[in-house]
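Trainee: I would like to learn how to read the relation between copies of a chain, and then the contacts between them. Could we take one case slowly?

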Amino acid sequence: MKLKQLADTLKLELRGDGAAEISMPAPIEAGAPGTIVFAAGPRYAAALRATKASCAIVPESLAGDAPCATLISANPYADFARVLEVFFPPYRPPAGIDPSARIAPDAKLGAGASVGAGVSIAAGTVIGRNAVVHPNVTIYPNVRAGDDFVCHSGVSIREGVVIGNRVTILNGAVIGAEGFGFVEHQGALVRIPQVGTVIIEDDVEIGANTTIARATMGATLVRRGVKLDNLVHIGHNCEVGEYSRFAAQVGLAGSVKVGRWCQFGGQVGTADHAAIGDRVLAIGQTGIHNEVKSDTIIGGAPQVEFRKYRRYVAVLPRLPEMLRRIRAIEQQLELRRDASGGGNE
Amino acid sequence: MKLKQLADTLKLELRGDGAAEISMPAPIEAGAPGTIVFAAGPRYAAALRATKASCAIVPESLAGDAPCATLISANPYADFARVLEVFFPPYRPPAGIDPSARIAPDAKLGAGASVGAGVSIAAGTVIGRNAVVHPNVTIYPNVRAGDDFVCHSGVSIREGVVIGNRVTILNGAVIGAEGFGFVEHQGALVRIPQVGTVIIEDDVEIGANTTIARATMGATLVRRGVKLDNLVHIGHNCEVGEYSRFAAQVGLAGSVKVGRWCQFGGQVGTADHAAIGDRVLAIGQTGIHNEVKSDTIIGGAPQVEFRKYRRYVAVLPRLPEMLRRIRAIEQQLELRRDASGGGNE
Amino acid sequence: MKLKQLADTLKLELRGDGAAEISMPAPIEAGAPGTIVFAAGPRYAAALRATKASCAIVPESLAGDAPCATLISANPYADFARVLEVFFPPYRPPAGIDPSARIAPDAKLGAGASVGAGVSIAAGTVIGRNAVVHPNVTIYPNVRAGDDFVCHSGVSIREGVVIGNRVTILNGAVIGAEGFGFVEHQGALVRIPQVGTVIIEDDVEIGANTTIARATMGATLVRRGVKLDNLVHIGHNCEVGEYSRFAAQVGLAGSVKVGRWCQFGGQVGTADHAAIGDRVLAIGQTGIHNEVKSDTIIGGAPQVEFRKYRRYVAVLPRLPEMLRRIRAIEQQLELRRDASGGGNE
């Protein structure tokens, strides 16, 4: 592809030779002739100056550092993501219903749907336009999904779940299975029926083998733009705020509220009814026991401010030494007391 | 539904207007005219006195606090669970075998079975009465399952697994895949064949995408009434005692023994061969390294009594300060020693 | 089976009565007449001397301790594994393609393939000889797998994934779903297309419901002989070195490099870009924040040498006591200062 053509496609200002041939995007450290790379900010400047790529997507401030053609961008990483899509359009099976799919007579699929082999769609389900339902997906009755729904193989969506527009669910995820609620009764455990549902708003992505439990009553809420990685667990009656992101194996217990634009590292866990503000960053394996204020960075279990966490874990390995030093001081004081007659305390 | 009719269905004593119309159960804080709520004990008394619900399920001791009709119950929460089932009967597909299901000629299904699309049931498998096998389940050869088996979509049950009566397995769970056993041999790793099985007793519920490994020899045992949440891992040759409950993402390594009526919070993990008594409560993320006595509450890694855990984690963030104070004391003593000539130690 | 016949099958030296009938392998503590057991080293010597088994597989050094016939082995555990396979050959469905499987016309399967019900194999996929693809597996386009591929039910393999020879994937695993990469742009999150792939080399085993993310660019690499247990997550662009083993629920974030012959206990997690050497042993729940040298044993979060870890966690519960002792010392010094006039500091 000619660079000029790529610039036009991306609607970015081109500086340099528009006739250059671009054959592939590449990470900046692998930039070779014929590739296009990106530099997001000052810490990429040295790599940019050394690159052999034919073009770099850069902010105005780095334009002078590029030894090659440039595309000027307010957000080079986001525009590089668009380049990746131009060169590697995502796999999308053709529209049409595989004859082995079992779709209830009253289920409704919008125009342009692609439904794979072995898919089961039960009664009362309504899905919007341009859906891609990959093979061996099971959709229970009365599910509602919006437009541009992408549902990968092996996913299960339980009865009555509500899904917005432009939602992607990766393989093997389970949406709306019963929440974990039991009550002791006469020497046994009785299930609390989980009669609520799950509501997933627009622009959400859900990772492979992730599970989102349906609410006891009401709905488990996954707000607009939330991104969940693989093997995440969202307990019943949780609410995850807009654009929050959870890395793999994060687990929310029941009735947890997470604000907007949070980022949780892998394996973060929370107690029941934890309440987390907006823009909270939690490092991997953080254990959130109760409440977290907005705009904090946290770590440890129970969670503390990351600054505190970093300081105390640096001292942890010195605990045995600290104990020895306390003993030595005590001994010294005892000795001194002995030496001074011990009478003055 | 008239309240009188509901009281008769539940076989509970009604005090108040049996002609009242009940249209929905609700949490006590959302109780509105036409709803039925419950109050399990004294901590609900204030909410009960303020409720606008038409009926409350209460213990005798709270009957006087209700501003509405009451149903008198020895276990209000358990009876409320029954109300939920009356108003929201769980989804159950009709009996019958979907024509796309592939069932081996010699597999046996009891009366009333419902088998969904794309289900595969292999040779020698025997399932009791009233089974519901949802779409895209795979059952390997020679599985045995009792009556009232509910197996949700995407589940895999491996060869020879034995399942009791009234067992429910949520979507995507894997029962009886090979345990994790390898031995180094001539510069490579050789698999130890996992020739045992999994035995699941009556009244067990298994969460979505949970995995239970088959034993190396013998059986991995999940005892009567056990409840496992989503994404739990039970290693080979484990035994989980009656009515124990594990929240999401709990992991048992190999040959772990857990007693009865235990409750593990989310993300609890155990070492191989850990031995846990009865009625042990472990808070989320506890790391159990060895043995735990019955009737203890534990936390931390390695686990300690919760009381101890709570105290030491409260001090953790003060570690840097403690180290500074130790240094200050040492310095002071050094100074004093200097001041006093330093000769007396 | 006569013992002589078993010895010939295993090609091991027999000492004792070759006419003895062996009906079953057993753990050494369950050794009864008619069973064969193994003793791997000196710590099994007492159990060996007491066994009632008809035969024991032993190293030369233990031959004198056996009260029964022996098979002399350089690696008794590995040879016992072979005995297990002789007595319990693993389940393998017969060769042939189930009529309900949907295989793209241009997909290629080598000789001897067994393809189960509801399997979907998309265009351009090529699989070697003797493959077993169990029911309800979904293979996306252009996947390549070598000989002796065993793929259990419910697995999803995404477009373009490359798999070596003798690879086994347990039920529900997801290979090659999109890695977790988003960039903020104009008040929303834009997905970074994950245009790389996953490469799985020979002799790898992947556990049930485990997920391996495809690379952003390039490939996520799982090297020869790697063994992953259930519910493991491997992030995008990771590389796992030859013969490394991860127990259940281990999670690697993005771009992590793990060396050869490592062993990670359950629930170990790592930060992005962590770099772990060869032969590193990490105990369960270790949190790896950055770099780990080869040939170390580690624990804790952030990880430290296991020796250090063990020592400091032993002191942890004494933290409140240590704080009290520091306070007592300070008070004593204050008193002394008071007593001595307080003028000399």
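Mentor: Two copies of a chain are related by a rotation about an axis together with a shift along that axis. In this predicted model, chain A is superposed on chain B by a rotation of 120° with 0.0 Å of shift along its axis, and the RMSD of that superposition is 0.1 Å. That is the relation of a three-fold axis.

Trainee: Turning to the contacts, how many residues of chain A are in contact with chain B?

Mentor: The size of an interface is often given as the accessible area lost when the parts come together. Here we count residues instead, and 55 residues of chain A are in contact with 55 residues of chain B.

Trainee: Which elements give two or more residues to the side of chain A that touches chain B?

Mentor: On that side of chain A, they are strand 19 (174-177), strand 20 (182-185), strand 21 (188-191) and strand 24 (211-213), together with helix 4 (306-315) and helix 5 (319-339). Helix 5 of chain A gives the most, with seven residues. By class, the side of chain A that touches chain B has 29 nonpolar, 18 polar and eight charged residues.

Trainee: And what does the contact between chain C and chain A take from each chain?

Mentor: That contact takes 55 residues from chain C and 55 residues from chain A. On the side of chain C that touches chain A, the largest share, seven residues, comes from helix 5 of chain C, and the classes on this side are 29 nonpolar, 18 polar and eight charged residues.

Technical notes:
Residues are numbered from 1 along each chain as its sequence is written. Chains are lettered from A and ligands numbered from 1 in the order in which they are written. This is a predicted model: local features need pLDDT of at least 70, side-chain atom pairs count only at pLDDT 80 or more; totals for chains, interfaces and linings use all residues. Two residues are in contact if their C-beta atoms, placed from the backbone, lie within 7 Å. Helices (H or I, at least four residues) and strands (E, at least two) are DSSP runs, numbered from the N terminus. Ala, Val, Leu, Ile, Met, Phe, Trp, Tyr, Cys and Pro count as nonpolar, Asp, Glu, Lys and Arg as charged, and the others, Gly among them, as polar. Copies are superposed by least squares on the C-alpha atoms of residues with pLDDT of at least 70 in both.
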